[in-house]
Amino acid sequence: MERIFPDGAADERGVLTGFLDWQRATVRRKVDGLPIELADRALLHTSPRMTIAGVVSHLRQTEYDWFAGSFPSLADEPFEPASDGGWSPVGRAITDLLSAYEAECAQSRRIVSQLTLDTIQHFTPPQFAPVSLRWILTHLIEETARHLGHLDILREQLDGTRGY
């Protein structure tokens, strides 16, 4: 994924999808070149699943849950939620996790392209109120950016790599 800053004159859809794609592309940028043996290393004793592999796996699951889960008739396969939020990528190589994340982002883009920003979820878990695609895109920007902060800290602590 190439990192392209959203056009300053874009409409609302262009701004929302542009900033989300910027965040998505930054995930790879944060992880590229990470020695494979460091991807599963937990640095927070109170959060053992907070690893680079865990964050990337969780971000893939988050994309899947919010786009394929909210609009299951538009997904490539029947929707199957994960009970752990994707936080347990047991034994998966970081390169495979990144590929899976990027493939999920491609599916999310395809789903979004078929809807208006005002489209309300086709499926909403019973514990939540239905939300619009606009809300989902905004939430995914927030969620991805928050976890990029985690990736920043983890990567710097693991091998000293820094950068935006």
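**Exercise 1: the pocket**

Helix α2 contributes the most to the lining of the largest pocket, with 5 residues. The model is a predicted one, where local features need pLDDT of at least 70, side-chain atom pairs count only at pLDDT 80 or more, and totals for chains, interfaces and linings use all residues. Residues are numbered from 1 along each chain as its sequence is written, and side-chain values use heavy atoms, with hydrogens and water left out.

Task: find which residues are the closest to the centre of the largest pocket.

Solution. Start with the terms: a pocket is an open set of points on a 1 Å grid over the protein atoms alone, where a 1.4 Å probe fits, with protein on both sides within 12 Å along at least five of seven lines, and lining residues have an atom within 4 Å of a point. Helices are DSSP runs (H or I, at least four residues), numbered from the N terminus. Next, of the 22 lining residues, D65, W66, P125, Q127 and F128 are the closest to the centre. Finally, α2 and α4 each supply at least two residues of the lining.

**Exercise 2: one leucine**

Task: is L158 buried or exposed, and which residues does L158 touch?

Solution. First locate L158 in helix α4. Its relative accessibility is 12%, so L158 counts as buried. Contact means heavy atoms within 4.5 Å. Not counting residues up to four places away in sequence, L158 touches L34, L38, R41, L43 and I52. L158 and L38 are 120 residues apart in sequence, yet 6.8 Å apart in space, C-alpha to C-alpha.

**Exercise 3: a charge and a ring**

Task: find which ring lies under the charged end of R60.

Solution. A charge sits over a ring if NZ of Lys or CZ of Arg is within 6 Å of the ring centre and within 35 degrees of the ring normal. For R60, the ring is that of Y64, with its centre 5.5 Å away.

Notes. Buried means under 20% relative accessible area, exposed over 50%, partly exposed in between (1.4 Å probe, protein chains only).
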